[in-house]
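Biologist: I have the model open and would like a close look at a single part of it. Please pick one region of packing and describe it in terms I can check on screen.

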Amino acid sequence: MANIIISENSKGLVFYLAKKDLEEQITHLEFNSADRWGGVIELGDGSRYVIDVLDAKPRLPISLRARRESETA
Amino acid sequence: MATTKAETQALIDEVLQVYPEKARKVRAKHVAPNDPSLEKSKGCITSNRKSLPGVMTVRGCAYAGSKGVVWGPIKDMIHISHGPVGCGQYSRAGRRNYYTGTTGVDSFGTLNFTSDFQEKDVVFGGDKKLVKLLEEANQLFPLVKGFSVQSECPIGLIGDDIEAVARKSTVDLGKPVIAVRCEGFRGVSQSLGHHIANDALRDHVLGNRDDEEFPTTPYDVAIIGDYNIGGDAWSSRILLEEIGLRVVAQWSGDGTLAEMERTTKVKLNLVHCYRSMNYISRFMEEKYEIPWMEYNFFGPSKTEESLRAIAARFDETIQAKAEEVIARYRAQWQPVIDKYKPRLAGKKVMLYVGGLRPRHVIGAYEDLGMEVIGAGYEFAHNDDYDRTLKDLKEATLLYDDASAYELEEFVKRLKPDLVGSGIKEKYVFHKMGVAFRQMHSWDYSGPYHGFDGFAIFARDMDMAVNSPVWSQLKAPWLADADAPEAAVVNG
Ligand code: SF4
């Protein structure tokens, strides 16, 4: 698990993992609707992370905990 | 210079040849020819790794990043170098963060406060001494607004509870006392010190005045990551004010505790040094919904570009004023370029500095017709290199956490007309007969930011590169000798 920040820019959602200075555009978010938000995140560099699914779209930017998809929860 | 990537790589391989195999492998990842087509530096250059033992790195420590860079310039606080005397004393006033105020009365920037640890403090702990020190300092300097306790290495090693002291003294003295866990051994460079310092500011400074009424305007901004080296923040602030913005806070050059506490009310954070203060900017973006943007006030091209980008975040009155300011200053900087460009055009520069300058000053050199042929950072991370690749030409030599040996060899081979780096490098290159400017402290000069600063920058570079001394390096009796190079190089 690692602390990440998800924010928004002109191209869409951005994923920022401070520990790795990884700042990548999110290419796909599993759930991205007003009442379900989160799940599997796909990044521009091909890596995949998972965040908890929230039951409302949060105000961005937001700090969250994420894990690599390969790690077990 | 039309070098190819293969040529640059060959040069790198040759220089790294002397290292034992294992070290060579590690260092090879940190030195690379530039590829401006890349969006991400990953795969091109590795950074923010532990320096190799035995390799002479020029990096600083976390304490330097916190006390020296981020906290030190806050002028109305006393920053205690907690631990042995040397860390603070040998770095005292070295960064040249200018401030207004009367030192020793209401400002304390250039004074060195230390708990001066002795053997007995290491054995029995220094918490009591710290309490006493805080009381004494508060009595001697009653106008001080607060204290930060900057831990040096031994504090973490002996396990002193400085947080408890800070909490208690905050109550006893009625002023904020902030413990900062920036022991020098943490992390790989001063960079972690910036982060720790940002976190301490976030936890103990930001938000202290959130409940306080404070008249705001739609044009409130904060300058983030400008340490007012030689007056840099001042020459930046002038421009921002002229385009109609109100600068509420300066982080942290010439800054005060109160203005930093009030930053949470601004409309936009303007980030100059991304490396040392992106953390707090991101935090304010999340908690207070304050957007932030990076800008660059080195050299007229970049300054104009940045002024327009900043103005674009505000309404038309600001945008119109920005154009006015840009037009007006053109009359000021054009003669500077006309004067110095013919003297400097075509000259080659190699840079090796800290967290933003290797990329930020490229434009200023290019405005003078100079070319940057090598650039590197002491303590940058991936995201800094991401931002650098595009600004440099294809195959430009990049070096991360370069050692003294590597720098010397690269300079010998690439033969730049000017090297820009720090005090530790300066005299080595002077003795090699290469012009040099300190690009950390501006060599006792400055400011270099903004249009006013550019005039000084141009003059300084001309003074260094075109100094008559460089033609006098050969001893007269060697004037006709065949191998003058060696005589110079061994100087
Ligand atoms: S590494 Fe430790 S002892 Fe050295 S200057 Fe930094 S804090 Fe002081």
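**Around helix 9 of chain B**

Modeller: In helix 3 of chain B, Ala62(B), Gly65(B), Ser66(B), Val69(B), Val70(B) and Trp71(B) meet a set from helix 9 of chain B: Gln190(B), Gly193(B), His194(B), Ala197(B), Asn198(B), Ala200(B) and Leu201(B). Contact here means heavy atoms within 4.5 Å. Sorted by class, this contact of helix 3 with helix 9 of chain B has 7 nonpolar residues, 6 polar and no charged (nonpolar: Ala, Val, Leu, Ile, Met, Phe, Trp, Tyr, Cys and Pro; charged: Asp, Glu, Lys and Arg; polar: the others, Gly among them).

The model is predicted: local features need pLDDT of at least 70 and side-chain atom pairs count only at pLDDT 80 or more, while totals for chains, interfaces and linings use all residues. Residues are numbered from 1 along each chain as its sequence is written, chains are lettered from A and ligands numbered from 1 in the order written, and side-chain values use heavy atoms, with hydrogens and water left out.

Helix 3 (residues 62-71) and helix 9 of chain B pack at about 55°, their axes 6 Å apart. Helices (H or I, at least four residues) and strands (E, at least two) are DSSP runs numbered from the N terminus; axes are lines fitted to C-alpha atoms, for helices over the stretch in contact, and angles run from 0 to 180 degrees between N-to-C directions. The two helices are therefore oblique to each other (under 35 degrees is roughly parallel, over 145 roughly antiparallel, 65 to 115 roughly perpendicular, the rest oblique). Their crossing is right-handed, meaning that the near helix is turned clockwise from the far one by less than a right angle.

Helix 9 (residues 190-204) of chain B also packs with helix 12 (residues 274-288) of chain B, at about 30° with axes 8 Å apart. That makes helix 9 and helix 12 of chain B roughly parallel. The crossing of helix 9 and helix 12 of chain B is right-handed. From helix 9, Ser191(B), His194(B), His195(B), Asn198(B), Leu201(B) and Arg202(B) meet Arg275(B), Ser276(B), Met277(B), Tyr279(B), Ile280(B) and Phe283(B) of helix 12. This contact comprises 5 nonpolar, 5 polar and 2 charged residues.

For the wider setting, an automatic or database domain assignment divides chain B into domain 1 (62-187) and domain 2 (220-324).
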